[in-house]
Number of protein chains: 2
Amino acid sequence: MSDLHGIDPHTGAPLPDAIPTSTDDDVDDACRAAEAASTAWAALAPVDRAAVTDRIAHALRADADELVATANRETALGVPRLTGELERTAVQWEQYGRAMLDGELWDVTIDHADLDAAPAPRPDLRKMNTPVGPIAVYAAGNFPFAFSVAGTDTASALVVGCPVVVKAHEGHPGTSARVAAILRRVLTDAGHPDVVSVVHGFAAGRRLITHPAITAAAFTGSVAGGRALAGDAARRIEPIPFYGELGSLNPAIVTPAAWAERRDEIVTGFTGSFTLGSGQFCTKPGLLVVPEGDLSALTAAVTTAPTHPLLYRRIVTGFTAATERLAETDGVTTLVEPVPGDGYATTAGLYVVDAAHLDARSATLLDECFGPVSLVVTYRDTDELRRVLDRLPGGLTGSVHIGGDEDPDAPGVLRALASRNGRVIVDQWPTGVSVTWAMHHGGPWPASTNPGHTSVGPDAARRFLRPVAYQNTPAFLLPAALRDDNLWQLSRRVNGALQTRPNG
Amino acid sequence: MSDLHGIDPHTGAPLPDAIPTSTDDDVDDACRAAEAASTAWAALAPVDRAAVTDRIAHALRADADELVATANRETALGVPRLTGELERTAVQWEQYGRAMLDGELWDVTIDHADLDAAPAPRPDLRKMNTPVGPIAVYAAGNFPFAFSVAGTDTASALVVGCPVVVKAHEGHPGTSARVAAILRRVLTDAGHPDVVSVVHGFAAGRRLITHPAITAAAFTGSVAGGRALAGDAARRIEPIPFYGELGSLNPAIVTPAAWAERRDEIVTGFTGSFTLGSGQFCTKPGLLVVPEGDLSALTAAVTTAPTHPLLYRRIVTGFTAATERLAETDGVTTLVEPVPGDGYATTAGLYVVDAAHLDARSATLLDECFGPVSLVVTYRDTDELRRVLDRLPGGLTGSVHIGGDEDPDAPGVLRALASRNGRVIVDQWPTGVSVTWAMHHGGPWPASTNPGHTSVGPDAARRFLRPVAYQNTPAFLLPAALRDDNLWQLSRRVNGALQTRPNG
């Protein structure tokens with residue numbers, strides 16, 4: 001098999017690191033090893049798995065310099081951004097470990113036998129969540145740490161007791177191999193060497209989703225890629241759940257009152273948000289909806305916005321095609337034309353269309369485009385604004401900028417955004433995803449394949465859990481967490497009443 | 001379009017009630033009406049929806065005599081069973097209404113802004129579950145009330161704020177139409193006439209899953225039917241989640257100690273469980289695994305077990321084919337041959353195979369078969385028992401009968417059953433599904449398409465909810481449940497700490 005090489009985005013030239021493409025046997029070996037390792041890993045108490053995830057966080061931080069340098073060669077995202085992302089990745093491991101200690105995600109539920117229950121006497125029933133088994137994780141290209149080999153999908157699966165086989169993203173193979181080596185080293189020291197494996201190459205990814213040992217899959221990437229893998233998952237002899245986080249337009253709506261009050265602040269914030277990381281975030285605001293009028297301040301800000309090279313050739317190709325299509329669409333005016341540079345470099349682009357034109361052409365104009373480009377939509381009145389809102393697709397985020405508590409347009413816009421997005425934001429911008437209990441990163445199609453689940457925050461682990469109920473089961477056969485003595489000190493629901501954890 | 005008629009299972013003759021097959025326009029009208037009704041229904045406070053679901057329970061009870069008589073004509077399940085099932089159905093509506101009052105299923109989560117949060121300062125974030133929108137429900141044939149038009153799928157969707165379009169089961173069209181009329185009457189009185197509609201006919205079911213207004217689907221039925229509809233759901237322009245509860249073998253394992261101790265009790269319990277409702281429960285024990293030896297008591301019990309006619313022609317055809325296939329399989333011995341009677345009537349069948357023969361033939365022998373038939377597998381030693389356990393498919397339930405706390409085989413059998421079933425049961429039988437918080441009705445394929453979700457109990461409503469996070473949102477724009485004053489008095493997670501409901 002051929003080797004994979006990262007590409008220097010500054011030049012488009014291959015880097016020296018050679019990473020072997022995984023063979024079918026490599027994939028099968030990884031899946032079988034994960035299956036064999038599953039029982040022992042799942043049997044650990046949450047506090048013991050948390051000790052391992054803490055050591056992973058520590059090991060990632062200990063190798064930060066080399067990891068960041070490698071990732072920077074392969075992605076050109078810059079040392080400050082990559083240093084921050086690696087720290088976020090380490091924090092995620094610590095946070096997942098801690099989150100499993102308090103009981104919320106285990107959903108421990110105990111109903112004692114009740115001969116007087118309606119409509120029929122009931123036996124003793126106790127249920128809790130258990131790990132589903134080995135998980136296939138498809139790493140993202142735009143976060144070489146936080147959504148890659150050691151990212152949130154891997155961490156949230158591993159922490160609940162599921163082994164993981166990661167299909168590395170082809171854009172940063174050297175970073176992926178280095179991170180994989182760190183995870184394997186820590187896990188080997190902990191006595192569980194096979195609970196994480198990494199495979200490389202497109203064919204390996206397709207084989208992985210069909211392997212009988214795999215019980216669920218998590219994916220972050222394109223709509224087309226997600227659809228293809230979801231189809232593979234559904235056509236298996238034993239179909240498995242597929243959790244894809246795909247594309248999002250992330251519209252930002254500005255009410256007339258907000259635009260009148262603080263146009264400069266909005267122009268600065270929007271430009272910073274859609275060009276951040278050269279527009280390669282799934283939460284990039286790809287649409288700005290503002291009252292009609294002068295846009296010269298916005299044009300000036302975008303013209304001078306700093307950018308860095310795009311990540312991969314595929315993103316360059318997509319960016320070029322999408323911006324050319326925008327420029328040629330009837331009714332669309334180019335405000336700032338993106339200019340390509342060396343390697344994968346490009347400056348930012350900005351286009352404008354009035355709301356009346358959007359009506360007829362939303363199918364192409366409302367597609368997500370990775371890279372530093374956004375479309376401005378201008379509206380004449382609130383009727384036009386409402387029609388724009390009605391045409392918006394499902395998404396991860398929708399933002400609204402309002403003119404204070406008296407803004408008459410605020411409630412309607414917020415309701416419309418909440419009806420089709422996973423996160424709504426007031427007077428802020430969607431880039432920057434806090435890793436916390438109340439975060440939701442998901443949403444109606446095409447944002448995700450299942451809007452009931454998140455890929456960020458503790459609740460992401462729910463994708464990899466399934467309940468098991470124990471009926472009439474004597475204490476000596478019950479899992480520790482289901483016994484009356486509450487050995488793990490978890491919050492639980494007992495006979496219908498929620499009980500917080502004893503030492504919580 | 002042609003009309004649908006129920007069939008009298010006692011005779012195989014059509015009943016007089018004529019129910020019109022739904023046209024494409026009927027389906028489209030129902031879906032559009034559901035979409036239009038969605039916002040107002042979703043906006044109700046849980047306590048106000050609970051008042052409506054209580055009225056539904058009341059209305060079902062008020063018409064019990066006529067509903068039971070109609071269902072008995074179409075299903076021949078008998079007045080006592082149908083009366084009990086209708087009461088269970090009414091209780092489910094009351095229970096779902098109450099379950100939404102305490103906050104668990106809303107997952108209200110509040111993280112206040114924190115400038116010192118690691119790895120980065122965080123904004124104020126608040127999230128809660130919200131209804132996903134109109135749901136397609138595919139009713140089951142074997143529970144004309146509890147898993148049909150007014151069954152657990154409809155109730156669990158409606159109670160969280162999702163309108164429902166039910167595709168009625170073709171086996172009991174008259175019952176479905178009568179229940180639909182009751183639901184529509186109560187909902188019209190409540191000012192929400194269009195939040196439940198019912199459509200009839202196979203073509204209507206296929207059209208329903210593809211309608212753009214539908215946001216998720218719940219199905220109870222065959223593996224083949226579930227696969228087909230799941231494929232339709234995945235191939236939509238905007239794919240939607242599909243929650244199917246399909247097939248389950250429900251193995252019952254008897255350890256040597258248990259078999260030695262109380263063979264007679266086990267024989268009686270098993271025979272009662274697998275012939276209950278003529279074996280047409282998704283939890284019917286289709287496999288009994290016992291130590292080798294004399295089976296004459298079992299044979300005698302099955303020979304005299306009471307049965308009633310099967311529900312539908314399709315079940316008769318499947319039952320006949322499966323029992324003929326069993327009888328002809330190498331190594332399988334017929335213990336009791338089923339004898340067909342008038343209409344859809346049949347007596348029970350029982351077959352036996354030794355564990356060594358099962359090894360090579362598990363693919364066909366371990367398929368679910370609806371109707372009063374079960375396969376006995378005999379094992380010589382615990383090695384053989386372990387190999388049988390290794391071959392078992394995913395399922396809803398697995399039962400084990402043990403010889404007390406000293407039984408050396410109990411822990412291993414229970415672990416094996418828990419690894420691939422949604423509910424494990426000790427010293428009891430799987431038929432009879434308690435409707436309570438700790439129940440889980442689901443499991444790995446082919447039991448369900450997503451083992452993380454249940455179709456019975458309050459948690460069934462989670463299938464129809466999606467989180468929405470509100471970032472930096474002033475109180476006047478927040479949903480009531482997310483404001484600091486906790487207007488709905490829900491349990492919530494605030495800054496990572498679980499808080500039980502104020503008056504809970």
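This is a predicted model: local features need pLDDT of at least 70, side-chain atom pairs count only at pLDDT 80 or more; totals for chains, interfaces and linings use all residues.
**Entry 1: Ser455(A)**

I started with Ser455(A), which counts as buried because its relative accessibility is 3%; buried here means under 20% relative accessible area, exposed over 50% and partly exposed in between, with a 1.4 Å probe and protein chains only. Residues are numbered from 1 along each chain as its sequence is written, chains are lettered from A and ligands numbered from 1 in the order in which they are written, and side-chain values use heavy atoms, with hydrogens and water left out.

Ser455(A) sits in the loop between strand E18 (421-426) and strand E19 (465-471) of chain A. I take helices (H or I, at least four residues) and strands (E, at least two) as DSSP runs, numbered from the N terminus. I listed its contacts (heavy atoms within 4.5 Å), leaving aside neighbours within four places in sequence: Ser455(A) touches Phe147(A), Thr152(A), Asp153(A), Glu245(A), His441(A), Ala460(A) and Arg463(A).

**Entry 2: Ser156(A)**

Next I went to Ser156(A), in helix H5 (residues 152-159) of chain A. Ser156(A) is buried, at a relative accessible area of 0%. Its side chain reaches the backbone oxygen of Thr152(A) at 2.7 Å. That falls under polar contacts: a pair of N or O atoms within 3.5 Å, where within protein one must be able to donate a hydrogen and the other to accept it, and residues adjacent in sequence count only if both atoms are side-chain atoms. Beyond four places in sequence, Ser156(A) is in contact with Tyr96(A), Ala460(A), Ala461(A), Arg463(A) and Phe464(A). Ala460(A) and Arg463(A) were also on the list for Ser455(A).

**Entry 3: Gly141(A)**

I found Gly141(A) in the loop between strand E7 (135-138) and H5 of chain A. Gly141(A) is buried, with a relative accessible area of 11%. Neighbours within four places aside, Gly141(A) contacts His169(A), His172(A), Leu311(A) and Tyr312(A). I also checked Leu249(A), which is 108 residues from Gly141(A) along the chain; their C-alpha atoms are separated by 18 Å.

Ser278(A) has phi near 55 degrees, a positive value in a residue other than glycine. It lies in the loop between helix H9 (256-275) and strand E13 (287-291) of chain A, and is buried at 0% relative accessible area. Asn250(B) also has a positive phi, about 55 degrees, and is not a glycine. I placed Asn250(B) in the loop between E11 and strand E12 (251-254) of chain B, where it counts as buried at 0% relative accessibility.

Then the cis peptide bonds in chain B. Ala118(B) and Pro119(B) are joined by one, with omega about 0 degrees; Pro119(B) is in the loop between E5 and E6. Another joins Trp445(B) and Pro446(B), with omega about 5 degrees, and Pro446(B) is in the loop between E18 and E19.

**Entry 4: helix H8 of chain B**

H8(B) (residues 223-235) has 13 residues and reaches 18 Å from first C-alpha to last, close to the 18 Å expected at 1.5 Å a residue; the expected span is 1.5 Å times one less than the number of residues. Which residues of H8(B) are buried? I get Gly226(B), Leu229(B), Gly231(B), Asp232(B) and Ala233(B). These pack against strand E7 (135-138), helix H7 (202-210), strand E10 (216-220) and strand E11 (242-245) of chain B.

**Entry 5: chain B against chain A**

I counted 74 residues of chain B in contact with 73 residues of chain A. The two chains bury about 6200 Å² between them, 56% of it on carbon and sulfur atoms; buried area is the accessible area (1.4 Å probe) that two parts lose on being put together, summed over both. In chain B, Ala438(B), Arg466(B) and Gln471(B) lose the most area to chain A, together 10% of what that side buries.

The rule finds six salt bridges across the interface, each a side-chain nitrogen of Lys or Arg within 4 Å of a carboxyl oxygen of Asp or Glu. I looked up Lys127(B) with Asp459(A), where the closest N and O atoms are 2.8 Å apart.

E19(B) gives the most, with seven residues.
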